[in-house]
Amino acid sequence: MAIVDLANPSRFLKVADGAIPWLAGATVLAGAFALQQAMAAPDDYQQGATVKIMYLHVPSAWLGMLCWGLMTLAALGTLVWRHPLADVIAKAAAPIGAAFTLLCLVTGSLWGRPEWGTYWVWDARLTSELVLLLLYLAVIALWRTVDDPSRAARAVAVLTLVGAIDLPIIKFSVDWWNTLHQGASVFRVGGSTIYPTILMPLFFMTGAFTLLFVTLLLAAARNEILRRRVRTLQLMQAKAAS
Amino acid sequence: MAATAHIDFIAAAYAAAVIVIAALVVWVIADYRAQGQKIAELEKRGVTRRSAGERPPRQPGQADRAKEQA
């Protein structure tokens, strides 16, 4: 089956039904392994054990941004090709992205208090991440405001494309401004500044979180397709009754 | 020792992760069940969707309607 065949909602449902249990199983196994690796990792020579918060904070930040990137691609699918599956993916992804962005901010605050002496500072990285959360909430609100899914999808797509400007701001905020938040330390020119015994568990945890994200996204997209079928059936019922 | 000094922050971070992930999982499962129940109730009342195989060829201007039926 070609990848484009998945663009058909009925085929997508069949593939999702088959894939979700396997993905869920893989997520549990990967999560258990990554958690064991994170707990067994040594303490940082400066941060001590608080480095363990990084195993949650970094994957959450990565997924919050990845999710908006995916929604940006879906927005192009909605505006350029007007494909219903692009609408479905965009709508299903928003609450998941919002949840991971919230988790990024909460774990960041809990790391900041013992390391910086404060839960929050209005520096560029933290503020741009908060803006991302507000953008997610705006998208969710917009989906709920417009009753017709096709009209809502177009409005959300425009907001998503505008909001995508925040992604490079988040990424490069630590380079463009003087921030309390540390600079890039995983993917950077000259290699990572993190020692492998701490870096490898971080990669494992990021992989497990990404698997969780894919599983939740497929399940939420399946729910959204079913919701649209319910709406169609209700419209058919109303039409038949009138 | 650093581990005992900041254990409450570490525990709070992992607790927050458990709460957020559990909320997402519960939301997805509850929503799936709710939509399944609604479809079953509508089909019980005789409201059914045409299958893709029985659908007639799409006419010009039917794009939005097809979108609704997705």
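Select A:Ala124, A:Arg125, A:Ser128, A:Glu129, A:Val131, A:Leu132 and A:Leu135 in H4(A), which meet A:Asp166, A:Ile169, A:Ile170, A:Ser173, A:Val174 and A:Trp176 in H6(A); contact here requires C-beta atoms, placed from the backbone, within 7 Å, and helices are DSSP runs (H or I, at least four residues) numbered from the N terminus. The residues of this contact divide into 8 nonpolar, 2 polar and 3 charged, where Ala, Val, Leu, Ile, Met, Phe, Trp, Tyr, Cys and Pro count as nonpolar, Asp, Glu, Lys and Arg as charged, and the others, Gly among them, as polar.

This is a predicted model, in which local features need pLDDT of at least 70 and side-chain atom pairs count only at pLDDT 80 or more, while totals for chains, interfaces and linings use all residues. Residues are numbered from 1 along each chain as its sequence is written, and chains are lettered from A and ligands numbered from 1 in the order in which they are written.

Next, show A:Ile89, A:Ala90, A:Ala93, A:Ile96, A:Leu216 and A:Leu217, the residues with the most contacts inside the largest nonpolar core, which has 66 residues; such a core joins buried Ala, Val, Leu, Ile, Met, Phe, Trp, Tyr and Cys residues through C-beta atoms within 7 Å, buried meaning 20 or more other C-beta atoms within 10 Å of a residue's own. Its largest share, 18 residues, comes from H3(A).

Finally, colour by chain: 30 residues of chain B are in contact with 38 residues of chain A, and H2(B) gives the largest share of chain B's side, 18 residues.

How values were computed. Contact = placed C-beta atoms within 7 Å. Helix = DSSP H or I, 4+ residues; strand = E, 2+ residues; numbered from the N terminus. Buried ≥ 20, exposed ≤ 12 C-beta atoms within 10 Å, placed from the backbone.
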